[in-house]
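Welcome, and take a moment to look over the model before reading on. The report below walks through it step by step.

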2 protein chains.
Amino acid sequence: MGRKSLKVERKAQILDAFERCIVQYGLEGTSLKQVADEADVKRSIIRHYIGNRDDLVDALIERIVRTYQKQLLELDASAEDMPAKYYLPQVLDYLFRVERTSRPQNKIIIDVLMVAQDRYPKAKGLLRELFKSITDSIAKDLIDAYPNANEKQCQQVAYSIWCLSMSNGSMMWLGMDIAYNQSARASAEALLKTLE
Amino acid sequence: MGRKSLKVERKAQILDAFERCIVQYGLEGTSLKQVADEADVKRSIIRHYIGNRDDLVDALIERIVRTYQKQLLELDASAEDMPAKYYLPQVLDYLFRVERTSRPQNKIIIDVLMVAQDRYPKAKGLLRELFKSITDSIAKDLIDAYPNANEKQCQQVAYSIWCLSMSNGSMMWLGMDIAYNQSARASAEALLKTLE
DNA sequence: CAATAGATTGTCATATTTGACAATCTATCT
DNA sequence: AGATAGATTGTCAAATATGACAATCTATTG
C-alpha cells in the first residue's frame, strides 16, 4: 500500500534541471538551491530523491553515459541490414553536423564531465568505456565497408575520425570559421580512402 | 618615491596558485580563500593586486593565452632556417607526445576555459584567436614542406591534425589504451601523405 | 630624517550553501 | 474508513564566500 513512488520522474526532472544549470553556471558553480529552483521543487526534494551533491553528480554521469550508450545501440540496430557502404555517410553526417545556434546540451555535459574527471572517478571510467564503445562501433562499420583493410587499420581510422569529430565540434562551438568543419570532414573521408 | 611595486610578481604568484586550485577543485569550485592559501597570501592581497573573482579569471585567461602565443612564436623562430621537411616531425612529436603520469597543467587550464567559454566571453575570443594562430602556423610549415599542395589543402590538413592532437590528448588523459596514441599520429601522417 | 606610495593585515556585515531532521500532508490499498 | 508508504514542506545550525574598507607597516626617495 502507500503512495506510488515518483522516484523515476522526479529524478529525471531534477537531472534535467541540473543539466540546464551546468550549462549556465558550470558544474561546481551550480548550487543545490539553483537546481531546485530550476526544477521547481524544494531543495529537500533533491536530498530525498537523490542525496547530496556528489550523489547528484554521480547520478548525472550515469544517466548521460547510459543515454549515449542507448543511442548507440539504437543506431546500430537501425543499420542492422543496411550495407555499410550506404550507412557510413550517415555516420559522418552525424559526427560532423554543425549546430551553430544551440549547441547540443549533451555534448556540453560530456565536455564538462571530461574536464572534471579527476574529481569524479566514476566519470572517468564511464566516459572511457563510452568512447571505447563508440570507436569500436565505427570500426565495425569500417570492417564491413572495406573488406581489403585489416581490423587494426580500421580501428585506427575509427579512433581518428572520432577524435576529429570531437575536437571539431568544440572548435565550431568556439566560433571558428565554419569552413573548417568541411575540412575536418574532408580529412575523415581522406582517412577512409586509405582503407580501400 | 614610495615603495617599489610588486604587482608583476604577486600577480604571477596568485595566478600560479589559481591554476593549481583549478586543477584540484575546478574553475568555479575554487574560492578566493583557497587561492590565497595556496599562494600563501591573505585574501585581501588578491583583491589589491587583481580584483574580484571575474577579474581573476580574466587575468588567468589572458596569461594562459599569451603564454601559448609566446611559445608558438619561439618555436617558429627556432625553426626559422630549418627546412620544413625536418621540422615537421618535431611538430608531430610535440602534438602527439603522451604524458600519462602528470598531465601538463596548461592543457587542463585550456580545457577548463574552453568549457567555461559561455560564462567568460574573453576566453572565447582569445582561445579562438590562439587556435587560429596555431593552425595557421602548422599550415605554413606544410606549405613549405609540400610544394605540390595548394594553400587550401594545407590549411585543411593543418586544422585536422590540430583537432586530432587535441582530442587525442584528452583521450589519453582519460586513460584510453595508449596504443590509440600511435593511431592518431599515424592518421596525421596519412593526412600529410595526401599533400605529396 | 621625514614624507609617501604602496604593501600588508584585519575586521565587519551580508549572503549563500549545505546537511540534518522534524513535521505534515496525501494517495492508495485493505 | 483507516492505516501506511511515501511525498512534500519547513526550519536550524554551522560553515563558507565575498565585498568593502579601515588601519597599520615599510621601503624608497628627496
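Helices (H or I, at least four residues) and strands (E, at least two) are DSSP runs, numbered from the N terminus. This is a predicted model, in which local features need pLDDT of at least 70 and side-chain atom pairs count only at pLDDT 80 or more, while totals for chains, interfaces and linings use all residues. Residues are numbered from 1 along each chain as its sequence is written, and chains are lettered from A and ligands numbered from 1 in the order in which they are written.

A:D40 is not a glycine, yet its phi is positive, about 60°. In chain B, the residue B:D40 lies in the loop between helix 2 (32–39) and helix 3 (43–49) of that chain. The table puts the two side by side; a residue is called buried if 20 or more other C-beta atoms lie within 10 Å of its own, exposed if 12 or fewer, and partly exposed in between, with C-beta atoms placed from the backbone.

| Residue | Phi | Other C-beta atoms within 10 Å |
|---|---|---|
| A:D40 | about 60° | 9, exposed |
| B:D40 | near 60° | 9, exposed |

Now for chain A as a whole. Chain A has nine helices and zero strands, and its C-alpha trace spans about 60 × 45 × 30 Å along the principal axes. Of its 196 residues, 36% are buried. Two residues are in contact if their C-beta atoms, placed from the backbone, lie within 7 Å. Among the contacts in chain A with a separation of 6 or more, 63% join residues 24 or more positions apart.

One helix pair is worth a visit. Helix 5 (residues 84–95) and helix 7 (residues 121–145) of chain A pack at an angle of about 145°, with their axes 9 Å apart. Here axes are lines fitted to C-alpha atoms, for helices over the stretch in contact, and angles run from 0 to 180 degrees between N-to-C directions. Helix 5 of chain A contributes A:A84, A:K85, A:Y87, A:L88 and A:V91 to this contact, and helix 7 of chain A contributes A:I138, A:D141, A:D144 and A:A145.

How do the two chains relate? Chain A can be laid on chain B with an RMSD of 0.1 Å by a turn of 180° and a shift of 0.0 Å along the axis. The two copies are therefore related as by a two-fold rotation axis. The superposition uses least squares on the C-alpha atoms of residues with pLDDT of at least 70 in both. The same surface serves both copies, as 100% of the contact residues of chain A recur in chain B.

The contact between the chains takes 39 residues from chain A and 39 residues from chain B. On the side of chain A that touches chain B, helix 8 (151–173) is among the elements giving two or more residues, and helix 8 of chain A gives the most, with 11 residues.

Finally, DNA strand D has 23 residues around it, of which A:G2, A:S44, B:M1, B:S31 and B:N52 come nearest. A residue counts as near a strand if its C-beta atom, placed from the backbone, lies within 6 Å of it. Helix 3 of chain A provides the largest share of this surface, three residues.
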